[in-house]
Amino acid sequence: MNKQPEVTERTRQKFVDAYWSLAREKPVGKIAVSELTRRAGYNRSTFYEYFVDADDLLAYAEEKLLEQLKLTILQAVSKNNSMQTMFQIIFAALNEKIYLLLGPNGDSTFLARVQSEMLPFVEAYFPIAKDTPHFDYLICYANSAMFGLLQHWNENGKDLSTGEMSAMMQSLVLCGLASRFPQPPAVSPELPGSEANTP
């Protein structure tokens with residue numbers, strides 16, 4: 001009886017491992033229970049002892065990833081690391097499975113959940129007071145920019161070192177694109193169709 005919880009967890013984890021294995025081969029929304037049982041080495045009745053369906057298994061697997069990410073972020077924030085060190089800690093926590101879910105064959109709802117877990121980090125290191133007008137927009141911009149950069153970095157095979165990536169992200173999030181210009185433009189460029197009417 002004492003071993004039963006261990007056996008239960010081991011069986012559940014085999015289904016989770018099977019899911020991640022299949023998710024590397026096809027969109028997560030198209031993974032079937034029959035594929036999961038074959039890959040895990042169990043029958044369908046065993047699968048249904050643990051999960052309602054494939055979506056239920058995905059929800060469980062995602063929750064485990066988010067729990068670990070949240071723990072990593074909270075531990076890093078509590079140690080008062082520099083922003084660049086924090087970025088590198090976050091990069092390490094965003095493993096292959098998270099990038100897989102954030103990609104085109106992943107779960108379209110997962111990005112919002114990851115961004116929600118990242119908010120404590122963004123707010124803790126954002127050098128703007130919370131009573132600043134439109135603070136929520138500024139946080140939304142920073143959070144979205146960070147994940148856009150991280151996804152692009154991953155798709156490029158992480159061709160920049162974590163140090164280069166963290167320095168670029170810090171510069172862009174805090175200072176915007178102007179920080180990368182050789183010389184900041186004196187005036188904002190006109191958008192197409194925005195030319196002033198002339199008499």
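Predicted model: local features only at pLDDT ≥ 70, side-chain atom pairs only at ≥ 80, totals over all residues.
Residues are numbered from 1 along each chain as its sequence is written. Local features require pLDDT of at least 70 and side-chain atom pairs pLDDT 80 or more, whereas totals for chains, interfaces and linings use all residues, and side-chain values rest on heavy atoms, without hydrogens and water.

The protein chain contains 9 helices and 0 strands (DSSP runs numbered from the N terminus, helices being H or I of at least four residues and strands E of at least two). Of its 199 residues, 35% are buried, that is, under 20% relative accessible area with a 1.4 Å probe, protein chains only. Among contacts (heavy atoms within 4.5 Å) with a separation of 6 or more, 60% join residues 24 or more positions apart.

Two packed helices are described by the angle between their axes and the distance between the axes. Helix H5 (residues 83-93) packs on helix H9 (residues 162-175) at an angle of about 120°, with the axes 9 Å apart; axes are lines fitted to C-alpha atoms over the stretch in contact, and angles run from 0 to 180 degrees between N-to-C directions. H5 and H9 are therefore oblique to each other, a class left after under 35 degrees (roughly parallel), over 145 (roughly antiparallel) and 65 to 115 (roughly perpendicular).

In this contact, Met83, Gln84, Phe87, Gln88 and Phe91 of H5 meet residues of H9 including Thr162, Gly163, Met165 and Leu174. By class, the contact of H5 with H9 has 7 nonpolar, 6 polar and no charged residues (Ala, Val, Leu, Ile, Met, Phe, Trp, Tyr, Cys and Pro count as nonpolar, Asp, Glu, Lys and Arg as charged, and the others, Gly among them, as polar).

Note on methods: Buried < 20%, exposed > 50% of the residue type's maximum accessible area, 1.4 Å probe, protein only.
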